[in-house]
Amino acid sequence: MVIYSKHMFRYLMSKCIPYITLLIFLLIPSNTYAIQKKVYQVTDAQQLFFNSSSQVLWYTFVHIPWKSGRVVISSDPNGENPAAIGPLFGVYANGSNSEKFVFDADCGQVKMPPLDITHIMGPMYSGGGGGDTSLLIKYYSNFCSGEKIYVEGVKKFVFNIDPLYIVHFDDFEISNAPFLDLPWDYESDGNIFQEVALTMTSYFDHEYPLLSISMLNEPVQANSSIIPFYSNKQFINLSYTEHDGYDFAYASGARLGDSVLAAAPGTATYRYDKWSGNAILIDHGNGYQTRYYHLSEQDLVLKDKNKSIAVSDRQQIGRIGFTGNVLPVGAAGTHIHFMVIKDKDENGNFDDNIPDGLVDPFGWQGDGEDPWESYKFEYNGKSRIGAKSTYLWKNNLSSARKTLTPIGASILDSGANVTAIFPKDAVKNDVFLDIATIAPIVRVLLDDKIQTNIRSIGNGVKIIASDVFGNLITKFTKTYTIRFALDPLQFLRFDKNSISIYSRSDGAANWKMELSTTDLETGVVETAVDHLTEFAVFGKYLDTIPPVTKMTFESGKLEFLTIDEPADDSIGVAYTYVKIGNDDWQLYKNPIEVNGSDKYEIQFYSADFDGNVETIKSEIINKKQPTTSTPTPITNSKQLTSDNQQPTTSTPTPITNSKQLTSDNQQPTTKNKQLTTSIPEVKGLTTNKDYVVKTKPKIWLKILSIIIIIIFIIIVIYGYKIKKNNFSPLKNLLK
Amino acid sequence: MKNIKVSKLSFTLIAFVIIVLISLQLLNGLKIKNNQVPRKSTNKQVSYTSKSLGVFFTAPEIAKISENINTITIDINDEVIIISRSASYYDNVQEHVAYLEELNNYTFDKKEKVNENILMTRLGDMTMYFQKIGDYVFSISTDYTDLYEDLESISYSLK
């Protein structure tokens, strides 16, 4: 019986393995990819003059962060059209001696077709190894004379070249991680996300968002109602059927002329039509695009349909208006229409995902299945199905709102570890408290002056109080206690006598010191106040002076000495970075021996453990003579260094987060010591910088799949042998 | 002897299952019957403050009130009144309702102005009160004719 069971098992395994394999493949979470088009402008149309002394008419460097995806050179931002390039064109990856592509245009008689240069991308021109690539673009005369023209009476030979773009079709993993914020400046009105996120005039209709497509109509049973994200019930009293986004207007604090902000970083383009009015579209590089409609003419970040521009998170991209089709007509209908599109077919084009790629940034929170996700329809000769909506807001919708009753309450904000303790009868009626943690304050403004030596200790807190009618309450009838519970170790780098709670009323820039008590042993700082809105603990920082680095060059060796003043308060130098000539920046540890040519530019800077970063200094050394030159502070080198006309590479800027600059004198205060490498600024070059490009599917998934396939093959062969031997487990069982 | 024992056991089990099923059916029947009894009108009202929508209203004491995102559900004996909120472009509730009719492709069967801020409407079995409060329009609606009185009273008390 045991033998029969064994045979039966083998027999069944041989039959079932293909299905098991298929099932495992289906169960393995598949990573989806999308393509984002990143455009780098090399040059506008221009005239290149022939200079008999040099074959090179013009050249430039373009730095491309590249890991994968096709790269094309063409005369248009879509990578589709040929370009006039003069007589001869060359593109070199990572230097002129490396992998290259040269196009001979027969003395300018023919145009260069769109040029696919993917094979030369990547470090060491590996053609697929991944990594940033510096492309050297060169236009040559190739001994052709060009068109003869007279400039101020002087005869010159000229070649007309077309605009040139490098188009990177970057493929990357689609991410459904929350990344959006509301598209207007609600915070400057003293609001928090939870207060305004649900103040829309119109909802996304989950049954069904077909508004943008005039050829498609909702089924009759759905064409007078909407299904909002939070219910599977049809509402006829909400606005409005077929709507494919959210409208925010006056009630949200989104008023005529207010700033419209990028909901997340990305690449912005402009569009205008009679329905949307002025519209900005932002590709966020994660498979999602956001659109902002009805913007006014004022302060549009871009108004050229053929260009794109990189925008940062919360950057102003326009102002709220009423262009296009709005109801009520005119200024009364002022609102911002905000919509989100998913690149479902992963081709980098979002237009072809309307309507089936339209998603609700609030996700689907109703009972049962999202009707839009399962809606099947035909459009443009293609069978389609609605998209799955996932919650895409960075902030949680569930409100941090708490109720304060006349009985009193002790309310904790865990983000800042702050407790607000309200006594009995601090309020006469119920009051809603919206509490939010705020990040450490970087620019502390006291009496209209930025205090560079005063810094935040830990997070702060913002408390907004309102009655049931929405009226703001800024004062209470009794004082209450604000208590920060900090880690005493956080006080170490501060003057102990200076630690205090500071407050700022709603919308004010200046902070005001509150009479506080500080327990240095427990870390508790508290004060009694009767008002709101923002509270933070500040103190005088002991060391706000960056270190000073001096360089010496003797016997062919470079040495650096760094002094961090004031010596009493310093906790030491964290690092020194050095750049020799065109080499990369290196961490200085020991004296550096300098070989090679006689003359070098040396750049260097240091930072201390308090996060004070020295401005980059530059010195020229001459191996024949000891250096005596005075250090020249520089911030970003992009000039040609010598007579041989080779452009320098860019220098890292010694800051880690531009938001953390403390004052007008641009002294960084961050303690983060990582370096970021800047992208060279080439005139006329548009770069898209702020993308996180995700890696391809995990290797273990591939290995697992291979193992399963191998097991499957072995068992099939074994099963075949059993069959060949005329073995039937069933027959044996019945014997 | 053994067979007889098995038969007895089977019989006992089957009987037990039948008894359980009959009991459940009876209980269900009682519940249905109980629902069919008209609700006795009660004047006792309780006040309720909505945290999420920022409004106050009174409802019958027996009502079970729950809040979802932008919606309050008032359950009175398994029949519901729903309050929902929407921001409005308009200064008066009549214009807001006309805007809804235009965009949602329907016309209310009945529209009756209760006062400057409240409009009563009817569409099929659904009765709906629209009330303008600040920049928002609240709609208080039900499909249940039994609840018309409660609907009216809740609408009037909404602040």
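Two residues are in contact if their C-beta atoms, placed from the backbone, lie within 7 Å. Keep that in mind for this tour of a predicted model, where local features need pLDDT of at least 70, side-chain atom pairs count only at pLDDT 80 or more, and totals for chains, interfaces and linings use all residues. Residues are numbered from 1 along each chain as its sequence is written, while chains are lettered from A and ligands numbered from 1 in the order in which they are written.

**Stop 1: A:K478**

Select A:K478, which sits in strand β32 of chain A. (Strands are DSSP runs of E, at least two residues; helices are runs of H or I, at least four; both are numbered from the N terminus.) Leaving aside neighbours within four places in sequence, A:K478 is in contact with A:P423, A:D425, A:A426 and A:D530. Now pick A:P423: its C-alpha atom is 7.6 Å from that of A:K478, though the two are 55 residues apart along the chain.

Is A:K478 buried, exposed or partly exposed? A residue is buried if 20 or more other C-beta atoms lie within 10 Å of its own, exposed if 12 or fewer, and partly exposed in between, again with C-beta atoms placed from the backbone. A:K478 has 13 of them within 10 Å, so it is partly exposed.

**Stop 2: the sheet around β32**

Next, show β24, β25, β32, β36 and β35 of chain A: in that order, these 5 strands form an open sheet with antiparallel pairing. Strands pair if DSSP finds at least two bridges between them. Look at the edges, where β24 (409-413) and β35 (516-519) each have a single partner strand, so one side of each is left without a neighbour in the sheet. From one strand to the next, the twist averages 20°.

Zoom in on β32 (475-485) and β36 (524-531) of chain A, which run antiparallel and are joined by 7 bridges. Click A:F484 and you'll find its bridge partner in β36(A), A:V525.

**Stop 3: a hairpin**

Move to β21 (376-379) and β22 (382-385) of chain A, an antiparallel pair with 4 bridges. Here A:F377 stands opposite A:R384 in β22(A). This hairpin has 2 residues between its strands, and A:N380 takes a positive phi near 55°.

**Stop 4: the cores**

A nonpolar core is a set of buried Ala, Val, Leu, Ile, Met, Phe, Trp, Tyr and Cys residues joined through C-beta atoms within 7 Å. The largest one has 58 residues; among those touching the most other members are A:W184, A:F248 and A:Y292. Which strand gives the most to this core? That's β19(A), with 5 residues. Another core, of 34 residues, lies apart from it and includes A:V427, A:I441, A:I457 and A:F484.

**Stop 5: chain B and the interface**

Switch to chain B, with its 3 helices and 9 strands. Of its 159 residues, 30% are buried. Colour by pLDDT, the predictor's confidence in each residue, from 0 to 100: the chain B mean is 81, and 78% of its residues reach 70 or more. Over residues 29-42 of chain B, pLDDT is below 50, and this stretch has 6 contacts in the model beyond near neighbours in sequence.

Finally, show where the chains touch: 32 residues from chain A and 27 residues from chain B take part. The predictor gives the complex an ipTM of 0.74 and a pTM of 0.49.

Key: Axes fitted to C-alpha atoms, helices over the stretch in contact; angles between N-to-C directions.
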